[in-house]
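I opened a new model today and kept notes as I went. The entries follow the order in which I looked things up.

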Amino acid sequence: MISIKFPVLHKKIADWRWLVSKCLSLLICLLIIGIQPAWAGINDDNYDGNMFVVYAGNGSLVPPRQTLAQSLAEHKPTVLAFYVDDSRDCKEYAIVISRVQEFYGQAAEIMPISVDTIPNKKSYDPTEPGYYYTGGVPQVVVLNQSGKVVLNKQGQVPFEEIDDRLREVFDLLPRTESVQLKRRSFNEFSSELAK
């Protein structure tokens, strides 16, 4: 078999590959240089993910286990926490909502509601979160078993104030007359079980 070599053709193919590889390298370098880092933190209004996971260490809050309509139909006390993921105040407040879930999560429905998910319409039914939203974040609304609002406040509402209302809802002793609730560490709990 006779083979004819075309050195010019091989050189052009090699030059073409070299040119493509250099263009891709340049494009990658420009993308890396042009990408701005996401500098977000608890003290700014930048979005950096689900604030309950990032700042409260509690990914179980979002999405809520039930809808508001389901919770009201079951006559379950409900805590609505209206928030926006890119709000400094809401980021700081996430730990309070997580703490409410820590103490009342088994008996009440804790429902963080992103205001971005509330449909924009003229009127809402009492089974919709938009019915209770007043336009600011963070906002906390506590509903008793019959669906009556027992607390509706905007801003950094202290845990103690929410706790007082929930104690009334569950007919518990006031905080001044009861033992302070504290979580046991894992080791203390397991050592008690070993006895």
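These are my entries, from the overall fold down to single residues.

**Entry 1: the chain.** I note at the outset that this model is predicted. I went through the secondary structure of the protein chain and found six helices and four strands. Along the sequence they run α-α-α-β-α-β-β-β-α-α. I then looked up burial: of the 195 residues, 32% are buried. For contacts with a separation of 6 or more, I found that 62% link residues 24 or more positions apart.

**Entry 2: S87.** I looked for S87 and found it in the loop between β1 (78-83) and α4 (88-104). Is S87 buried or exposed? Its relative accessible area is 11%, which is under the 20% cut-off, so S87 counts as buried. Leaving out residues up to four places away in sequence, S87 touches D44, D45 and V137.

**Entry 3: cis peptide bonds.** A cis peptide bond joins V137 to P138, with omega about -10°. P138 sits in the loop between β2 and β3 (139-143). I also noted a cis bond between V62 and P63, where omega is about -5°. P63 belongs to the loop between α2 (51-54) and α3 (68-73).

**Entry 4: positive phi.** I looked up two residues that have positive phi without being glycine. H75 has phi near 55° and lies in the loop between α3 and β1. Its relative accessibility is 54%, over the 50% cut-off, so H75 counts as exposed. D171 has phi of about 55° and is placed in the loop between α5 (159-169) and α6 (186-194). D171 is exposed too, at 72%.

**Entry 5: cysteines.** How many disulfides are there? I counted zero. I checked the accessibility of C23 and got 47%, which makes it partly exposed. C90 is buried, at 1%.

**Entry 6: the largest pocket.** I read off a volume of about 160 Å³ for the largest pocket. It is lined by 13 residues, and those closest to its centre are P64, M111, P112, I113 and T117. Which strand gives the largest share of the lining? I found that strand β2 (residues 109-114) does, with four residues. By class, I noted nine nonpolar and four polar residues in the lining, and no charged ones.

How values were computed: Residues numbered from 1 in each chain as written. Predicted model: local features only at pLDDT ≥ 70, side-chain atom pairs only at ≥ 80, totals over all residues. Heavy atoms only, no water. Buried < 20%, exposed > 50% of the residue type's maximum accessible area, 1.4 Å probe, protein only. Contact = heavy atoms within 4.5 Å. Disulfide = S-S within 2.5 Å. 1 Å grid on protein atoms, 1.4 Å probe; cavity = no way out; pocket = protein on both sides within 12 Å on 5 of 7 lines; lining within 4 Å. Points joined across faces, edges and corners; volume = space filled by probe spheres on them. Nonpolar A, V, L, I, M, F, W, Y, C, P; charged D, E, K, R; others polar.
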